[in-house]
Amino acid sequence: MLRWRQWQERIGRHLLQGITLGCVLLAGLMILGLLLKSWPLLQEQNLWSMLVSRDWRPHRGEFGYFPFLAGTLWVTGGAMLLAVPLALLTATYLSEYASHRVCTLFKPLIDLLAGIPSVVYGVWGVLTIVPLVKNEVAPWFGRFTSGYCILSASLVLAVMTLPVIIHVSLEVMQAVPRELRESALSLGATRWQTVKKVVLRKALPGLLAANVLGFARAFGETMAVIMVAGNVARVPGSIFDPAYPLPALIANNYGEMMSVPRYDAALMLAALLLLGVVLGFSVLSRLVLQRLQRRWR
Amino acid sequence: MRWSWRKVEETFFRCLMMAAVVLVMLILLWILLTILVRGVPALDWEMVSRTPRGGFYLGKSGGILNAILGSLFLTLGATLAAFVAGLPVALYLTCFRGDSSRTAAFIRTVLDVLWGIPSIVYGAFGFVLMIWLGLRASLLGGMLAVALLILPIMIRGMDEVIRLVPRELYDSAYALGATKMETAFRVVIRQAAPGILSTVLIALGRGMGDAASVLFTAGYTDALPSSLLEPVATLPLAIFFQLGTPFPEVQERAYASALLLTILILVISGVARWLIRRYARQVVR
């Protein structure tokens with residue numbers, strides 16, 4: 001009986017270890033899989049020249065990613081500009097000013113915002129943001145646009161990244177030791193001075209990490225962006241121009257990718273680029289967050 | 001003078017922050033109201049009870065039963081798979097590795113990073129896997145991609161719940177002579193069950209709402225899901241395709257479908273939240 005239980009323990013432990021290892025290897029496997037599929041293209045053409053080339057003509061074997069990279073950066077950059085101040089102000093209020101009751105009331109609402117599927121954000125964008133930009137915002141600047149443009153995509157994306165940034169920032173700020181706040185307040189600082197000079201300063205790396213996470217999230221967002229960004233493969237010149245972000249490129253062209261030579265490799269390379277950028281940013285921010293956690297615990 | 005400047009600054013920023021909070025809440029309200037107001041008039045019984053008929057995408061009669069059932073099957077399968085693979089990992093992290101373990105911290109970081117990978121990349125990777133396995137766009141392929149997508153969410157969620165199980169419980173179990181496996185699977189699981197269930201529901205909601213990962217892998221069809229190896233329709237893609245048509249009647253249906261999806265997900269996450277609250281109290285502390 002005892003021996004059987006010992007064996008069970010030993011086998012079980014190894015099994016669990018194996019499954020865990022498998023999950024950790026998943027990240028590596030993803031890179032490997034996408035790399036293998038895009039390898040034929042990488043052998044034929046120089047990666048750097050593809051990244052800076054503006055010509056996207058799959059039928060002629062020309063794959064220039066620059067318009068798509070530029071589109072992604074415009075859209076994501078715009079979204080961050082809009083989302084970061086709003087998210088930080090909200091998180092600061094919930095963490096430093098709001099009573100416990102208000103905070104417990106608002107947190108589920110923010111999670112609710114995070115739980116809405118991206119297609120629904122897309123529908124909302126098409127129904128409200130696109131006409132708003134077309135009929136109100138663009139004429140105000142004296143510009144004409146169909147409404148399916150960078151500004152619309154940025155607005156929708158900003159709303160989608162809000163909950164991510166707020167959630168992580170809130171956690172970081174709430175983890176700042178209580179004593180620090182109390183010392184500042186007892187020295188006669190106002191609430192805002194305490195926030196400005198103590199809490200925000202202490203939480204700065206964590207807040208940065210939170211925003212980078214939001215950036216990574218916005219960078220890879222597909223369905224909502226594809227619905228409002230306009231999808232024209234040209235390097236955009238202003239926020240009222242349409243853009244064709246990288247994720248939209250992958251999602252829009254999967255149907256024909258098997259019929260054109262090297263097209264599948266090109267799309268897999270696009271996925272790999274996306275994965276690389278997001279991995280880089282999120283590894284960086286997670287490392288920062290984890291160091292903070294260890295130091296404050 | 002100095003004092004009044006401080007006061008002004010304080011008031012200014014307090015107002016700014018309150019405005020930000022109100023704005024965020026208004027946006028949430030705006031989204032929900034838009035979906036509700038545009039969705040309700042287009043929603044009728046035919047939408048949820050029938051499959052698309054001929055000319056459905058030109059505005060003729062039919063419903064999206066194929067997508068509703070497809071989404072349910074696909075997400076349930078994927079959630080089950082992710083649960084079976086994820087539970088051992090979550091148990092391993094806390095029960096076999098201590099809270100201070102460096103390995104566990106490393107694994108958690110990797111999972112957090114996996115969480116942040118865009119779903120379109122999971123879709124592309126799922127597609128690569130399917131080619132290797134010799135599958136074409138099918139229910140099984142979609143399940144595979146969605147299972148991979150929600151695996152990190154599942155593990156990290158369960159991990160957080162299991163970490164809340166008090167240390168004394170382990171010690172009591174060990175003192176009675178239980179092995180670690182027995183403690184993990186008979187004591188810890190039972191203690192964390194409500195939390196685990198709510199994590200599963202949250203992952204379910206996430207899987208159901210995701211479109212980019214099933215785009216390559218599950219395909220789309222007007223027929224009801226019949227076999228694991230056949231393509232299957234999903235709700236998010238139904239919305240996407242319907243909205244992409246130039247016909248207002250079909251676009252109306254996209255709004256109704258969006259409302260349906262939103263309600264489904266809100267109900268699922270509401271139940272999850274209720275479970276956490278309802279059962280959190282009964283657990284030994």
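Me: How many residues does the contact take from chain A and from chain B?
Reply: It takes 78 residues from chain A and 78 residues from chain B, with contact meaning heavy atoms within 4.5 Å. This is a predicted model: local features need pLDDT of at least 70, side-chain atom pairs count only at pLDDT 80 or more, and totals for chains, interfaces and linings use all residues. Residues are numbered from 1 along each chain as written, chains are lettered from A in the order written, and side-chain values use heavy atoms, without hydrogens and water.

Me: What area do chain A and chain B bury between them?
Reply: About 7,300 Å², 79% of it on carbon and sulfur atoms. Buried area is the accessible area (1.4 Å probe) that two parts lose on being put together, summed over both.

Me: How many salt bridges across that interface of chain A and chain B?
Reply: Four, counting a side-chain nitrogen of Lys or Arg within 4 Å of a carboxyl oxygen of Asp or Glu. Among them, Lys196(A) pairs with Glu9(B), closest N and O atoms 2.8 Å apart.

Me: How many salt bridges between domain 1 and domain 2 of chain A?
Reply: Two. Separately, the side chains of Glu44(A) and Arg262(A) meet in a salt bridge at 2.7 Å, N to O.
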